[in-house]
Amino acid sequence: MRLNLMTNPVASKLAKRLANAAMVIQQSTLPKSTQELVSLRASQINGCGACADMHSKDATAAGESAVRLHLVATWREATVFTDAERAALALAEEGTRLADAHQGVSDETWAEACKHYDEDQLAALVSLVAMINAANRLQVIVKNPGGSYEPGMYESFASN
């Protein structure tokens, strides 16, 4: 790791604020399982081992099945996701692959998400995609590897 984001004075101040912002999403009515699947998928796309480690372990601790976690990278070809989860994963992918899809999230993908989520849940979903992409970039830039995360280890980091 190039820089410890948790112990560096500047980085830890930012990390604490990001963790507090993430609490708003976590406390929303967007289903926790959807939050973890979206975070895992964006982390896979961005090649963030630290975040993929965290979100797969947090999802497992929350009761998510191994089959669904193993298939999230190929969700379009899997039968284990609901239509609502598929809409969220599509929005997450398009919102993450901005350089690949210069238009961002398509109108079709947005309309499908609107069928399954209310406005507050959509706000949480859009915010989640932005937040996980920020976290992925921070972790990838400093080369923070995955593998050592324990579920809940950062819960006390955020303050109310």
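Lys and Arg count as positive here and Asp and Glu as negative, while His and the chain ends are not counted. Each charge is placed at NZ of Lys, CZ of Arg, CG of Asp or CD of Glu. On that basis the protein has 14 positive and 18 negative side chains, and the centres of the two sets lie 10 Å apart.

This is a predicted model, in which local features need pLDDT of at least 70, side-chain atom pairs count only at pLDDT 80 or more, and totals for chains, interfaces and linings use all residues. Residues are numbered from 1 along each chain as its sequence is written, and side-chain values use heavy atoms, with hydrogens and water left out.

**Overall form**

The protein holds seven helices and zero strands. Helices (H or I, at least four residues) and strands (E, at least two) are DSSP runs, numbered from the N terminus. The order of elements is α-α-α-α-α-α-α. The radius of gyration is 15 Å, close to the 15 Å that the globule rule gives for 160 residues, so the protein is as compact as a globular protein of that length. That radius is taken over C-alpha atoms, and the rule is 2.2 Å times the number of residues to the power 0.38. The C-alpha trace spans about 45 × 30 × 30 Å along its principal axes.

Accessible surface comes to about 8,800 Å², with 57% belonging to carbon and sulfur atoms. Areas come from the Shrake-Rupley method with a 1.4 Å probe; for residues, only the protein chains shown count as cover. Of the 160 residues, 39% are buried. Buried means under 20% relative accessible area, exposed over 50%, and partly exposed in between (1.4 Å probe, protein chains only). Among contacts (heavy atoms within 4.5 Å) between residues at least 6 apart in sequence, 70% join residues at least 24 apart.

Helix α2 has 15 residues and reaches 21 Å between its end C-alpha atoms, close to the 21 Å expected at 1.5 Å a residue. The expected span is 1.5 Å times one less than the number of residues. Its buried residues include Thr34, Leu37, Val38 and Leu40. They pack against α1 (9–26), α3 (49–61), α4 (66–71), α5 (83–96) and α7 (119–141). Just after α2, glycine 47 takes a positive phi of about 70°.

Helix α5 is mostly covered, with eleven of its 14 residues buried. Among them are Glu85, Leu89, Glu93, Glu94 and Thr96. The buried set packs against α2, α4, α6 and α7.

Serine 39 sits in α2 (residues 32–46). Alanine 42 is also found in helix α2. Arginine 97 lies in the loop between α5 and α6 (107–116).

| Residue | Relative accessible area | State |
|---|---|---|
| Serine 39 | 2% | buried |
| Alanine 42 | 1% | buried |
| Arginine 97 | 32% | partly exposed |

The contacts below leave out residues up to four places away in sequence. Serine 39 touches His55, Leu128 and Ile132. Alanine 42 touches Thr96, Ile132, Asn133 and Asn136. Its C-alpha atom is separated by 7.5 Å from that of valine 129, 87 residues apart along the chain. Arginine 97 touches Arg41 and Ile45. The C-alpha atoms of arginine 97 and isoleucine 25, 72 residues apart along the chain, are separated by 21 Å.
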